[in-house]
Amino acid sequence: MCEPILPIFEEKVVRFLYIYEKLSMHFLYFDPGLGAMVIQAIVAAVAGVILFSKNLLYKIKIFFNLVKDDDDLFDDINIKDTDVENKTNSDK
Amino acid sequence: MISKEQHSSSFRDPSGYIFIEDNILKRKILPIYFKQYHKLKNSKFFNKLFDSGLLINHKEVLVSETEIIIHPEQIPFVTYPYEWCFNQYKEAALLTLKLHKFALENKFSLKDASAFNVTFHNGKAIFIDTLSFDFYKENTPWRAYKQFITHFFGPLLLAHYHGSEVLKLTSNFIDGIPVKIIASMLPFKTKLNPFLYSNIHLLSKFEDKHNEDYKGEAKVTALSKKGQLNILETLYNFIKKLDLKEQSEWGDYYNKTNYSDDAFNLKADLINGWVSKLNAKTAIDVGGNDGTFVRRITSNLDLALVCDIDNNAVDYNYTKVKKNKEAYMLPIVLDVLNPSANIGFNNKERFSFINRIKDFAPDVTLALAVIHHMTLSGNITFEMSANFFAGFSEHLVMEFPKKDDSWVQRLLKSKGEFESHFEFYSLENFKSDYLKYYTILEEQPIKGSERVLFFLKRKNGKT
C-alpha cells in the first residue's frame, strides 16, 4: 500500500536526522541492531499519529457518552504514585 | 556450594555478575557500573522500583573500591519464557515497557530488554536484572528496542496468529526470534496495518539493509523522548489488547471427565488430607491443569508449581491466580515427556527443568491422572516413571486409572494392533515396579470410579 513512498521517506529521514555523535560503546554488549536504531524515528512518527487519532476518538466517545469501563487483567502503562507509596501493586 | 565464581548464566553484561555463596544468590557490581549504581540508589529510583513491585528487592552487603555486593531477594523457582503461558508472556512484555517508561521519566533508560530478565514471583511478573539500567541520554533512541521486538512483541504476535504453541520457539532462539522470521510468519494483512508494518516489516527491511555495515559508518538517528514515549505507549496498548485466537475450553474441563461429583470430592479430600498431614510447604502438580486440586489443599503452602502441557490450561490457571491474588501458586507450561533442556553457551546458561526441580526438591509431588498418558501415549514404562518422580521429591501422590477406566480404554483403542504391547498396563505391575522406589503409605480406591489413589514415600537411596 504505502510501499512506493517509503524508500523516499526512509532516505529523507536517514539523511536529515543523522546525528554526528555515536552512542557510547561502553555498554553495547549486545547488538542493538543498526537498522533498529535508525528506524525508531519512523516508528515514533507512526506511533504519534496513532495516539493522536486514538485520543481524538476517545474524546468523541466521551462527548457521546460511549466510554465503557474495561475490566482488564492488566493496568495501564503509568506507575501511579499510590503504587510507589503504598505498595498496592504488590500481591503480598 | 561455596564459591564466588561467576555464575555460568551471567556473563553478557560487563557491569557485574551473579554468583552463589553459601547457597545464596548474590550480585557483584564492577567499577564500570559504579556511577550508574550510586545514582540509581541515591536518587531513590531503586526504592521506587522496589515499592512498585517492578524490580526484585535487594540489600547492599559490601561496598569497596573494587566491588559492590548486593543480596537480592531470593526466588525459589525461576521459570523461563518458553515455560510461560500466553498471559504470563504478555505480562512480562508489559512489565518491561512499563519499566522503561518509568526509567525514562526518572532520567534513566532500560538498556536490556531480554525476556530472561523477567520471571514470576509471588503471583506476578518481576524484573530480576538489577543492572539493566543506564543513564538516559537526550535524543537517543532506545537501544533495547530491537531486543524487545524479538524477545516479546514478535513471539506474542506469532502466538496471536498461530497459537500459543509458537511460544516454545523461544527456547531455540535465546537471543530472540530473528525479525526476518517473525515478518515472514505473519499474514499479509499485517503489512496493511501501519503500526505492525513499521514495527515488524519495515524493521526487518532496515535490519537487512544495515546488517552489512561492518565499518560502522552509519550514524544513529535522533529521537526525542516524546517520540520514544509514543513508541512505548502504542506498543503497550497494542500488547495489552492482544489475545489468542484459540479460545480456552478448560473452564468446563472437569465437567468432561468421567468423575461423579462424589468421587471428585473424595479425591480432593484424600489429597488434601495427605498433603496436610505431611505439613508440606512446597509442592509440584505435574499435570495440574487449572490448579483445581492444589486449590483444594487447605494447609499453608509457600509455593506450589502447577504444571500442564496445555498452554491454554496454564493460561486459565494464571488468570485465576491474578484475579484471586494467589501469591503461592506458580503456573508453568511443562511437557513431562520433554521438559526444558539446558541451553545457551556450554549448555550452562539456562537450566533444564530437571536441574531446577531437583534443586527445588518439593516436599510432595502430585501426579493425578498422568500415569496413563505417560505410559500409553509416551511409552514410558512404570519403572522409568517411578525413577523420574523419585528423582526430585520424597513424597508422591499418584492417581492410577485402572485398565477398565474409560480414558485408559480410549488410549488403548487408539493404539490399534499395537494394543497388545500394553498388556503390562495393570494395577499389579504398577505396584510391583513402583515398590522398587517407594513404600506405600496409603492406598485408596476412589469409589464410583475405576481409579486408585496412592500416597507413596521414596525409599532411602532411591533419588
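Residues are numbered from 1 along each chain as written, and chains are lettered from A, ligands numbered from 1, in the order written. In this predicted model, local features need pLDDT of at least 70 and side-chain atom pairs count only at pLDDT 80 or more, while totals for chains, interfaces and linings use all residues.

Reader: How are α3(B) and α10(B) oriented to each other?
Author: Happy to look! Helices (H or I, at least four residues) and strands (E, at least two) are DSSP runs numbered from the N terminus. Helix α3 (residues 86-105) and helix α10 (residues 311-324) of chain B have axes 7 Å apart, at an angle of about 60°. Angles under 35 degrees count as roughly parallel, over 145 as roughly antiparallel, 65 to 115 as roughly perpendicular and the rest as oblique. The two helices, α3(B) and α10(B), are therefore oblique.

Reader: Which residues of α10(B) make the contact?
Author: Contact means C-beta atoms, placed from the backbone, within 7 Å. From α3(B) come Phe86(B), Asn87(B) and Gln88(B); from α10(B), Asn311(B), Asp315(B), Tyr318(B) and Thr319(B).

Reader: What is the bridge partner of Leu366(B) in β13(B)?
Author: Good one to finish on. Strands β12 (residues 364-367) and β13 (residues 395-401) of chain B pair in the parallel sense over 4 bridges. In β13(B), the partner of Leu366(B) is Val397(B).

How values were computed
Axes fitted to C-alpha atoms, helices over the stretch in contact; angles between N-to-C directions. Contact = placed C-beta atoms within 7 Å. Pairing = 2+ DSSP bridges.
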